[in-house]
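Here are my notes on the model, as numbered points. Please read them with the structure open.

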Amino acid sequence: MRFETKAIHSGAGVDEGTGAVAQPIHLSTTFERNEAGEPSRGYSYIRDGNPNNVWLEEALAAIEGGEAALSFASGMAAGAALLQTLPRGSHVVMPDDCYYGFRNIAEDLFGKWGISYDTVAMEDLDAVRRATRETTKIIWSESPSNPLLKVVDLAALAEIAHARGALLVTDGTFATPALQRPFEYGADVVLHSTTKYLGGHSDVQGGALVFHRREALFEETLQLRTITGAVLAPFNAWLILRGIRTLAARTRVQSENALALARFLSTHPRVETVFYPGLESHPRHEIAKRQMSAFGGMLSFLVRGTRADALAVTSKVGLFTRATSLGGVESLIEHRASSEGPGSITPQNLLRVSAGLEHADDLIEDLAQALG
């Protein structure tokens, strides 16, 4: 089946008891056991599993092209769980433009966990090779990255990782499996903040790990999730699964809108630089074109001037909502450094945009008047 069909039918089915086309939500935290004290219908306790979570995980594995998936309470919980499976003495290679939450994990927690790391510009493959060690267990990648929309060569990174006996982990939140499937380029694990495009309506929090192979790492991560309890609520699983059904259609329009906005901004005299892989001027445009079927709904740009000049633009928008997060049906704009807080390494004049489903001309007109 093609992606659009998988997104509709994976983890789906008519409810056997009622014939309902929309699947039920199982809110129960505990399940009946038989006379021998064993789970009578495959479920025991919410921390161990729930039907809604299982259906979501089936769908995530199918649309990403993996053998198994695990859902979590957030994208951060998912990534942290994977990293916590590493033994003491492990080494991780991190990207220089990385979601700040995972940068914080590396800076604040790796030392306590006995993990070392190096940060590199992952578009420089020689730098990645130099950063790896005998103890390297993971090369962590984002493509496109947050917030500078850097694009990395996933196939080349996978080759480097595997030569060291390490794994390539890719954060696929920006691209989504509708536009890019890292397993096709050799990745081993794909991370998603399902809060974003997979949920798609700015009303649910969740995260997921999808595994190319269901092997020991999957079992270790499952055990860790069970112990720590970072499970996704059943209603959240139901909402994310519902969001997946429309993912292909939404990302198509969002990609079109983002490209239109990027082209407009690239010609505006008050804009210094636009970061969007769909622009021919993007330094990694050809790699993005090879890896992605479209270029996504996220872009960022530098306003000419200072932090105050960038914030002034956000104060004048009408259609865009000033808010963090991304991937919803409404268009968002944020001063990224403010959202990241103290310690942010994002340029102070950078604004990040999540293009929604509005008409592109209306969005362009709103940014035009805000820029002045």
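1. Start with helix α10. Its buried residues are Pro234, Ala237, Leu239, Ile240, Leu241, Gly243, Ile244 and Arg245. Buried means under 20% relative accessible area, exposed over 50%, and partly exposed in between, with a 1.4 Å probe and protein chains only. Helices (H or I, at least four residues) and strands (E, at least two) are DSSP runs, numbered from the N terminus.

2. A word on the basis. This is a predicted model, in which local features need pLDDT of at least 70 and side-chain atom pairs count only at pLDDT 80 or more, while totals for chains, interfaces and linings use all residues. Residues are numbered from 1 along each chain as its sequence is written, and side-chain values use heavy atoms, with hydrogens and water left out.

3. What do the buried residues of α10 pack against? They pack against α1, α2 and α11 (247-266). Contact here means heavy atoms within 4.5 Å. α10 has twelve residues and reaches 17 Å from its first C-alpha to its last. That is close to the 16 Å expected at 1.5 Å a residue. The expected span is 1.5 Å times one less than the number of residues.

4. About 290 Å³ of space lies in the second largest pocket. Of the 15 residues that line this pocket, the closest to its centre are Ala12, Val21, Ala22, Gln23 and Arg245. Arg245 is also one of the buried residues of α10. α1 (3-9), α2 (51-64) and α10 (234-245) each supply at least two lining residues. α10 gives the most, with five residues. By class, the lining has nine nonpolar, four polar and two charged residues. Ala, Val, Leu, Ile, Met, Phe, Trp, Tyr, Cys and Pro count as nonpolar, Asp, Glu, Lys and Arg as charged, and the others, Gly among them, as polar.

5. On a 1 Å grid over the protein atoms alone, a cavity is a set of points where a 1.4 Å probe fits but cannot get out. A pocket is an open set with protein on both sides within 12 Å along at least five of seven lines. Lining residues have an atom within 4 Å of a point. Grid points are joined across faces, edges and corners, and a volume is the space filled by probe spheres set on the points.

6. The largest pocket has a volume of about 420 Å³. Its lining holds 23 residues, and Tyr99, Asn146, Ser193, Lys196 and Leu326 lie nearest its centre. α3 (75-84), α4 (100-108) and α14 (336-340) each supply at least two residues. This lining has eight nonpolar, ten polar and five charged residues.

7. How many cavities of 30 Å³ or more does a search of the whole structure find? It finds three. The largest cavity holds about 50 Å³ of space. Pro95, Asp96, Asp97, Met122, Glu123, Glu142, Ser145, Lys150 and Val152 line this cavity. By class, they are three nonpolar, one polar and five charged.

8. Now β1 (residues 68-72). Five of its five residues are buried. Ala68, Leu70 and Phe72 point one way, and Ala69 and Ser71 the other. Five bridges join β1 to β7 (residues 207-211), and the two run antiparallel. Ser71 stands opposite Ala208 in β7. Two strands pair if DSSP finds at least two bridges between them.

9. Strand β9 (residues 298-303) is largely enclosed by the rest of the structure, because six of its six residues are buried. Met298, Ser300 and Leu302 lie on one side, and Leu299, Phe301 and Val303 on the other. Ser300 is the bridge partner of Phe275 and stands opposite Arg352 in β12.

10. Leaving aside neighbours within four places in sequence, Ala187 is in contact with Ala158, Leu168, Thr170, Pro182 and His212. Ile227 is found in helix α9 (residues 216-228). Ile227 counts as exposed, at 58% relative accessibility. Its C-alpha is separated by 9.1 Å from that of Asp48, 179 residues apart along the chain.
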